[in-house]
Amino acid sequence: MNELIIALLTIFGTVASVTGVVLYVFNGTRSLIKEIHQTNKEILQTQKEMIELQKKVIILIEKIPERVVEKLKVG
């Protein structure tokens, strides 16, 4: 009977330990996924801002008079 109790306690202890590790890893993974989603949102926002700035630069470049462009080409 004593051996049975020791075996059951060992099994339950092992199961509890493994369960704890699994939950710890799961929670860590879940929080990592949240961080990745947040980082992706920030990256997308930065890309949108860069595209808008590129459009503004193109507009400014198009406004440069042709003679200035010619001067830049010459010298």
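Glu52 and Lys55 stand 3 residues apart in helix H1, so about one helical turn separates them. Their side chains meet in a salt bridge, with an N to O distance of 3.7 Å (a side-chain nitrogen of Lys or Arg within 4 Å of a carboxyl oxygen of Asp or Glu).

The model is predicted, so local features need pLDDT of at least 70 and side-chain atom pairs pLDDT 80 or more, while totals for chains, interfaces and linings use all residues. Residues are numbered from 1 along each chain as its sequence is written, and side-chain values use heavy atoms, without hydrogens and water.

The secondary structure of the chain amounts to 2 helices and 0 strands (DSSP runs, H or I of at least four residues and E of at least two, numbered from the N terminus). With a radius of gyration of 32 Å over C-alpha atoms, well over the 11 Å that the globule rule gives for 75 residues, the chain is more spread out than a compact globule (the rule being 2.2 Å times the number of residues to the power 0.38). Along the principal axes, the C-alpha trace spans about 100 × 20 × 5 Å.

Of the 75 residues of the chain, 0% count as buried (under 20% relative accessible area; exposed is over 50%, partly exposed in between, with a 1.4 Å probe and protein chains only).

| Residue | Relative accessible area | Class |
|---|---|---|
| Met1 | 75% | exposed |
| Glu52 | 42% | partly exposed |
| Lys55 | 45% | partly exposed |
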